[in-house]
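Good morning, colleagues. I would ask you to look at the model on the screen while I go from a single residue to the sheet and then to the whole chain.

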Amino acid sequence: MKQIAVNKSASFEYFIEEKFEAGIVLEGSEVKSLRAGKASLNESFCELHRGEVYLKNMHIALYDKSGAFSTRDSRKDRKLLLHKREIAKIVGRVNEKGYTLVPLKLYFKDALIKIEIALCKGKHTYDKKRTIAERDVKRATDRAVKELFK
């Protein structure tokens, strides 16, 4: 499984409750651009519209060898492919207060391009500060253990 893009800020900004794997509808030039690793999930989000899930604001760079016919928008909406029961579960949870749907990572699974999305709840500033403090403590202990066994 080769990762194409990762949303690093998602785990810092949200509590991740449940993860889903989804397919994504792409064009040929977009696939070639993804194979070159030219994609970004920063500031992207998922939205529900008429019983379907769409990925918004994900950047896929235009493929440079595609010619003049592919002057598409690099941040267009892309449809995600999920089972109906998964969509129903997501709709039920997103309608609750505080839940949102966030893309986590984009990767190759065999020859297919998949995206991992998650149902998340937003963190407050004190939760973020606690996460930073825990990360600093973990770094310090790892550094101390490394020095001890040097």
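I begin with Glu 30, which is buried, at a relative accessible area of 7%; buried means under 20% relative accessible area, exposed over 50%, and partly exposed in between, with a 1.4 Å probe and protein chains only. Please note that this is a predicted model, in which local features need pLDDT of at least 70 and side-chain atom pairs count only at pLDDT 80 or more, while totals for chains, interfaces and linings use all residues. Residues are numbered from 1 along each chain as its sequence is written, and side-chain values use heavy atoms, with hydrogens and water left out.

Which residues does Glu 30 touch, leaving aside those up to four places away in sequence? They are Ile 60, Lys 76 and Arg 78, where contact means heavy atoms within 4.5 Å. Glu 30 belongs to helix α2, residues 28-35. Helices (H or I, at least four residues) and strands (E, at least two) are DSSP runs, numbered from the N terminus.

Helix α2 lies across β1, β7 (78-81), β8 (99-109) and β9, and runs at about 75° to β8. Axes here are lines fitted to C-alpha atoms, for helices over the stretch in contact, and angles run from 0 to 180 degrees between N-to-C directions. Helix α3, residues 84-94, also packs on the sheet, touching β2, β4, β5 (52-56), β8 and β9, and its direction makes about 150° with that of β2.

I turn to the sheet itself. It is open, with seven strands in the order β1-β8-β9-β2-β7-β5-β4 and antiparallel pairing. At the edges stand β1 (2-6) and β4 (45-49); each has a single partner strand, so one side of each is left without a neighbour in the sheet. Neighbouring strands of this sheet are turned by 40° against each other on average, direction ignored.

Two strands pair if DSSP finds at least two bridges between them. How many bridges join β2 to β9? Nine bridges link β2 (residues 14-24) with β9 (residues 112-122), and the two run antiparallel. Ala 22 stands opposite Ile 115 in β9.

Finally, the whole chain. It has four helices and nine strands, in the pattern β-α-β-α-β-β-β-β-β-α-β-β-α along the sequence. Of its 150 residues, 33% are buried. Among contacts with a separation of 6 or more, 70% come from residues 24 or more positions apart. The C-alpha atoms fill a box of roughly 60 × 40 × 25 Å, taken along the principal axes.
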